[in-house]
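Reader: I should like to work through this structure by question and answer. May we begin once it is shown?

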Amino acid sequence: MKSFHPACGQCTSHDINCDFTVQQIAPSETASTGSTGTPVSCSTLVARAAPSPYSSITFISSSKTDFKLPKRRYQRRPATARETANADLALAEVLPTPTNSQLQLNTTDLELLHHYLSVTVIALADDDEGLHLLQVALPQVGFRFQYILHLLLAFASYHMARSSSMSASHGRYLEGDCHYNTALSQVSSLIAELNESTCQAVYGSSVLICLCSLAKGPRDGEYLAFSDSDRAEWLTLLRGIRSITEVSRDVFYIDPVSSPGSETRERLLQDEPQLRHENTWPEWKGRLKECEQLIETEYTAGGGIQHAVYVHVLTCLTNAFHHVYGKIDNSRGERCAKTFQWLYQLPDEFVFDLQQRKWPALLLLSHFLVLLQQLNSYWFVKG
C-alpha cells in the first residue's frame, strides 16, 4: 500500500515535495482536542484552525508556536543590473513624464475657470466649431500643458476686470497678471526646444498671449504698432507667432496666413496681391487712392525698396478693407482675421518707419485703425 506524506495545500497545488512535518502536540493541547499524540496531517490542522462559518475556506493558522514556513524547491536568483535597467526603462515608457510642478488651483482659480467656460467663450465664439475649440479642446490641452491653462485663467480674469466696477477690477487685473506672467516664463523656456509634441501648444499659447495683451487694455506709451520704447510690445508678440510658425513649418502646417519672406523690391512686386475691382466706388476707396498718390510723391517708382514696401503695404490694406466692408457674408471671425493679418504681415522696413514716426507709415496705420473700430464687438479690442 502506498503511503502518503503530510503536505500543505500550497506545496500540493504546485506539485512540490513538502518537507513540512507536524510534531506531537503538547499534552495540554491533547487534552483539549482529544488527540492521541500521533502526527496529524496538514488538512487536519487546517480543519481545526478554520472557523465554522468559513469551513469552505482553506487557510493555515499561524497561531501554532511550532509552525514553520514551507521551503521553496528553487531559490529565486537576484536580478542582474541589466535586467533592472530594462525594467526601469519599460516603466518609464508606460508612466507619463512628471511635470516640474503640479498646478494648484484655489477657489479663485476655479471661479475664473467657471467664468471662462460659461461666459468668456460665449462672448468670443462665433459658431459651434469655435465654441468647441474654446470650451473643450483648449482646456484639454491645458491639462497637458499648464501654461495654456494659466493663459485661459488670465484671459478670463481680464474679462471679469473689464466687466467689474473700478474697485473690483483692480484685484482681477492682479489675478490675471499672476497667471499671465507664470505662463510667459514657462513658454519662454520651451520656445528654444520646439518639437513635434510641443509646437502646437506653444503656437496656441502665443495666440493666447496676444489676446491677453490686448485684453489688458490701453497702456501708457504703447500704440499697438509702435511705442515710446524701442519696440511695440503687442506687435512684437504678434510677430512672435510668425516666428513660431516658421520654425514649426517643417513639422506640420499650422499657420493659414503666409508671411512675406522677401526684402527686395523684385520679390515684393512678384508677390503683389491683386486688387479687387468693384463697380461701386465707396468712400474708403477714395481715401486709399489719396494715400497711393501721396506715396508716389514721397517715394518715386525708381526710389528703391521703400517704394515697393509701401505699395505692398497699401495693397494689403486695400484688400483688408474689401474683406471688412466689401463682403456682407463674412463672419466676425473672418473680418477679425483679415484685419490683424495686415499687422501680421508688415515688412520689417515698414515697422522701422513706424517706430521712427515717419508720416507715410503713420498715415497707413491711421487707416488701419478704422478697420480696428469695426471689431469693437470683441470686448478685448475696445479702447
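Author: A polar contact is a pair of N or O atoms within 3.5 Å; within protein, one must be able to donate a hydrogen and the other to accept it, and residues adjacent in sequence count only if both atoms are side-chain atoms. The model is predicted, so local features need pLDDT of at least 70 and side-chain atom pairs pLDDT 80 or more, while totals for chains, interfaces and linings use all residues. Residues are numbered from 1 along each chain as its sequence is written, and side-chain values use heavy atoms, without hydrogens and water.

Reader: Which backbone oxygen does the side chain of Gln355 reach at 2.6 Å?

Author: Gln355 lies in helix α15 (residues 348-355), helices being DSSP runs of H or I with at least four residues, numbered from the N terminus. Its side chain reaches the backbone oxygen of Ser227 at 2.8 Å. At 2.6 Å, the side chain of Gln355 reaches the backbone oxygen of Ser229.

Reader: Is His150 buried or exposed?

Author: His150 is placed in helix α7 (residues 146-163). Buried means under 20% relative accessible area, exposed over 50%, and partly exposed in between (1.4 Å probe, protein chains only). The relative accessible area of His150 is 7%, so this residue is buried.

Reader: How far apart are the end C-alpha atoms of helix α14?

Author: The expected span of a helix is 1.5 Å times one less than its number of residues. Helix α14 (residues 332-344) has 13 residues and should therefore span 18 Å. The prediction agrees with this, as the end C-alpha atoms of α14 are apart by 18 Å.

Terms used: Helices (H or I, at least four residues) and strands (E, at least two) are DSSP runs, numbered from the N terminus.
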